[in-house]
Amino acid sequence: MTTEQVAKRLVELMRQGKVLEAQSELYSKDIVCIEPDSAPVKTTRGFQAVAEKGKAFAAMIEERHGGSVSDPLVAGRYFSIEMTLDATLKGMGRQLLDEICVYEVKDGKIVFEQFFY
């Protein structure tokens, strides 16, 4: 898959709420995820660790009120999307999360993701 094909597929699955399916299909086993300094864990390495981090975040969601995923912006082997999530999080109340996500693709798989929020 090209970077554009990976980007479009990720957006398609994310808009359907199929985050774990997107990871299983599109992420490299050696994926690296970078979060902002304010996050509890700054760097996560490897598919299993990234998947577990995603499951832990999903478990924090009490109620989802809405959200969106933008169309991807593709340049070379990189792409970015904007994601929003309006949700009630356990112990934190209702939150509006807005982030820019940057991805790198090699050999048809996402090998790197970084989140800015």
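This report walks through the pocket, surface patch, ring pair, salt bridges and a loop of one predicted model.

## Basis of the model

The structure is a predicted model: local features need pLDDT of at least 70, side-chain atom pairs count only at pLDDT 80 or more, and totals for chains, interfaces and linings use all residues. Residues are numbered from 1 along each chain as its sequence is written, and side-chain values use heavy atoms, with hydrogens and water left out.

Helices (H or I, at least four residues) and strands (E, at least two) are DSSP runs, numbered from the N terminus. Buried means under 20% relative accessible area, exposed means over 50%, and partly exposed lies in between (1.4 Å probe, protein chains only).

## The largest pocket

The largest pocket has a volume of about 1200 Å³. Of the 40 residues that line this pocket, Gly54, Phe57, Leu85, Leu97 and Glu99 are the closest to its centre. Two or more lining residues come from each of helix 1 (3–15), helix 2 (19–26), helix 3 (47–60), strand 3 (61–69), strand 5, strand 6 and strand 7 (109–116). Helix 3 gives the most, with eight residues.

The search ran on a 1 Å grid over the protein atoms alone. A pocket is an open set of points with protein on both sides within 12 Å along at least five of seven lines; a cavity is a set of points where a 1.4 Å probe fits but cannot get out. Lining residues have an atom within 4 Å of a point. Grid points are joined across faces, edges and corners, and the volume is the space filled by probe spheres set on the points.

## A nonpolar surface patch

Phe57, Met60, Met92 and Leu97 form a nonpolar patch on the surface. Together they have about 310 Å² of accessible area. Phe57 and Leu97 are also among the residues closest to the centre of the largest pocket. Met92 lies in the loop between strand 5 (78–89) and strand 6 (93–106). Its relative accessibility is 45%, so Met92 counts as partly exposed.

Patches are made of residues with over 30% relative accessible area and no salt bridge: like charges are joined within 9 Å, nonpolar side chains (Val, Leu, Ile, Met, Phe, Trp, Tyr) within 5 Å. Areas come from the Shrake-Rupley method with a 1.4 Å probe; for residues, only the protein chains shown count as cover.

## One aromatic pair

Rings of Phe, Tyr and Trp (its six-membered ring) pair if their centres lie within 6.5 Å; planes under 30 degrees apart count as stacked, over 60 as edge-to-face and the rest as tilted. The count by this rule is one aromatic pair. The ring centres of Phe79 and Tyr103 are 4.7 Å apart and the planes are at 15°, so the pair is stacked. Phe79 lies in strand 5 and Tyr103 in strand 6, so the pair ties together parts that are 24 residues apart in sequence.

Phe79 has a relative accessible area of 2%, and Tyr103 is at 1%.

## Salt bridges

A salt bridge is a side-chain nitrogen of Lys or Arg within 4 Å of a carboxyl oxygen of Asp or Glu. By this rule there are twelve salt bridges. Arg9, Glu12, Glu21 and Glu25 are linked in a network of them. Glu4 is partly exposed at 42%.

Lys53 bridges to Glu35 at 2.7 Å, N to O. Lys53 lies in helix 3 and Glu35 in the loop between strand 1 (27–34) and strand 2 (43–45), so the pair ties together parts that are 18 residues apart in sequence. Lys53 is partly exposed at 23%, whereas Glu35 is buried at 10%. Glu52 also bridges to Lys55, with the closest N and O atoms 3.7 Å apart. Both lie in helix 3, three residues apart. Glu52 is partly exposed at 39%, and Lys55 is partly exposed at 40%.

## The loop between strand 6 and strand 7

Most residues other than glycine have a negative phi. Asp107 has a positive phi of about 55° although it is not a glycine. Asp107 sits in the loop between strand 6 and strand 7 and is exposed, at 82% relative accessibility.

Gly108 lies in the loop between strand 6 and strand 7. Gly108 is buried, at 13%. Gly108 and Arg77 are 31 residues apart in sequence and 9.6 Å apart in space, C-alpha to C-alpha.
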